[in-house]
Amino acid sequence: MSISSLSSGLSGLIANSTALDSSANNIANASTNGYTPEVANFQQGTTGGVSVNISKAGAAASANSNADANASSGTDLTTETVNSIQYKAGFDLNAQVVKTADQVLGTLLNIKA
């Protein structure tokens, strides 16, 4: 049980870190003309845990940016701020899962020894 908890917590850490990187990239490029924001889509992993898929905001936004390279990026700073807070909270919660699983595993090893 502890090993699977460590694995699930680690996958959550990686997914939230990747999503936070994507959101930070969107914020950094908010005033870049022709930039298409990225969107993070979380999915349940096949063996448990979570994974994230980073994609562009959509085909329509991409078509608009290709048609007019001088158009604004379309990054919504309010949405990106909320997303960043969610991703940080998810990261912190998964860090607690890893910490607790580590403590449980340590206790099990001490009992066994």
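Leu-108 lies in helix 3, which comprises residues 77-112; helices (H or I, at least four residues) and strands (E, at least two) are taken here as DSSP runs, numbered from the N terminus. The model is a predicted one, in which local features need pLDDT of at least 70 and side-chain atom pairs count only at pLDDT 80 or more, while totals for chains, interfaces and linings use all residues. Residues are numbered from 1 along each chain as its sequence is written, and side-chain values use heavy atoms, with hydrogens and water left out.

With a relative accessible area of 47%, Leu-108 is partly exposed, a class that falls between buried (under 20% relative accessible area) and exposed (over 50%), with a 1.4 Å probe and protein chains only. Together with Val-104 and Ile-111, Leu-108 makes a nonpolar surface patch of about 290 Å²; patches are made of residues with over 30% relative accessible area and no salt bridge, nonpolar side chains (Val, Leu, Ile, Met, Phe, Trp, Tyr) being joined within 5 Å and like charges within 9 Å. The 36 residues of helix 3 should span 52 Å at 1.5 Å a residue, and this agrees with the 52 Å that separates the end C-alpha atoms, the expected span being 1.5 Å times one less than the number of residues. The buried residues of this helix are Glu-80, Asn-83, Ser-84, Tyr-87, Gly-90, Asn-94 and Ala-101.

An α-helix has 3.6 residues a turn, so residues three or four places apart point the same way.

One aromatic pair is found in the structure. The ring centres of Phe-42 and Tyr-87 are 5.8 Å apart and the planes stand at 45 degrees, so the pair is tilted; rings of Phe, Tyr and Trp (its six-membered ring) pair if their centres lie within 6.5 Å, and planes under 30 degrees apart count as stacked, over 60 as edge-to-face and the rest as tilted. The pair links distant parts of the chain, with Phe-42 in strand 1 and Tyr-87 in helix 3, 45 residues apart. Phe-42 counts as partly exposed at 36% relative accessibility, whereas Tyr-87, at 9%, counts as buried.

Ser-51 is found in strand 2, residues 50-56, and counts as partly exposed at 29% relative accessibility. Between Ser-51 and Ala-19 the C-alpha to C-alpha distance is 9.9 Å, although 32 residues separate them in sequence.

Overall, the protein contains three helices and two strands, which follow the pattern α-β-β-α-α along the sequence. Of its 113 residues, 24% are buried. Among contacts between residues at least 6 apart in sequence, 67% join residues at least 24 apart.

Key. Accessible areas come from the Shrake-Rupley method with a 1.4 Å probe; for residues, only the protein chains shown count as cover. A salt bridge is a side-chain nitrogen of Lys or Arg within 4 Å of a carboxyl oxygen of Asp or Glu. Contact means heavy atoms within 4.5 Å.
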